[in-house]
Structures are given as C-alpha cells and as structure tokens.
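Hello,

Here is the structure for your files. My notes on it follow below.

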Amino acid sequence: TTNYAARALGAAKCGSKRQIVAQCPSIRLVQQNMQLYRTEAVKLHAFVQSHFANSIVERSGLDEFLVDVTALAREKPLPVVLPKGRVFWRTSSEFEHDAESVIMIDEHERLIVRAAVLGEEFRRDLAEKMSYKVCIGVGSTRSIAKQ
C-alpha cells in the first residue's frame, strides 16, 4: 500500500512497485517492517478502544477501525449553538462567526456535526499522544464514512 504522501505525488493506492515508480520517478521506496507495523497497530487499537471506551469499536484492518459514536454524539454539545437549532459550522476545525454561515440543521445533522467534532478531538489527541496523523470519516453509514 502507499502512504498519503506518496498518493499526493500521484502514486496509486494499491499499485505495484513498478507502476508506482513509473508514476512517480522521484519516489523513495522503503522496506516494510511488518512486525513493527503489527506492534504499532495493536497499540493503535488499544488507544482507539480506550478513547471510545463506551462505544462499539470494530477493527476492519490492521490500522483501520469503525467506531459507532452515536451514543457519544447524542451527549456531545454542539460547538456553537444558537436559538432554534441554528449553528455556526465549517468543515475545518475553526468556526465561522458571521451571519452568512448560519444554517438550520435537523437532529440527524446535529449528530453528524457532533460525531465530526468527536473525530477531530480524537485525531488531535492521537497526534499528540502517539504522533500519528489519521483520516477520520464521519457518516450515517459505513459507506458514507469511508468515502
């Protein structure tokens, strides 16, 4: 598999070495250390489980997990809530504070926003404690979350 830095250079996600070198001649290939990778995957799994202790954590690969944060999201306050369900929200970690960004959202969308906030908090916590950068997918289904 290729990492995100290699993908940014145009390398295919699951391409062969020959194909990747052809696509990205400047790429540097490194020898895999599967034992280290497995060891770190176990640590990552433990971290995910401890971070989401009251949620269902399903492992879907060595370094990929599906976490049902529905219960946590129901308890999580929205970042900035205004009367009648209005919320300031942007997809980045910064919040917008101008009137043009105010949108109305229903309860389902509130859960998605709360889940996204939980994901961002997890991503920052993981980076701080284990020095890993990860992608977080949020959605009402697995398929949507993995897109």
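The chain has 6 helices and 5 strands, where helices (H or I, at least four residues) and strands (E, at least two) are DSSP runs numbered from the N terminus. Starting at the N terminus, the order of elements is α-α-α-β-β-α-β-β-β-α-α.

This is a predicted model, in which local features need pLDDT of at least 70 and side-chain atom pairs count only at pLDDT 80 or more, while totals for chains, interfaces and linings use all residues. Residues are numbered from 1 along each chain as its sequence is written, and side-chain values use heavy atoms, with hydrogens and water left out.

Of the 147 residues, 26% count as buried, meaning under 20% relative accessible area (1.4 Å probe, protein chains only). The accessible surface of the chain is about 10600 Å², and 53% of that belongs to carbon and sulfur atoms; areas come from the Shrake-Rupley method with a 1.4 Å probe.

Leaving aside residues up to four places away in sequence, Leu126 touches Leu44, Phe47, Ser131, Tyr132 and Val134, a contact being heavy atoms within 4.5 Å. Among contacts in the chain between residues at least 6 apart in sequence, 37% join residues at least 24 apart.

Regards

Technical notes:
Buried means under 20% relative accessible area, exposed over 50%, partly exposed in between (1.4 Å probe, protein chains only).
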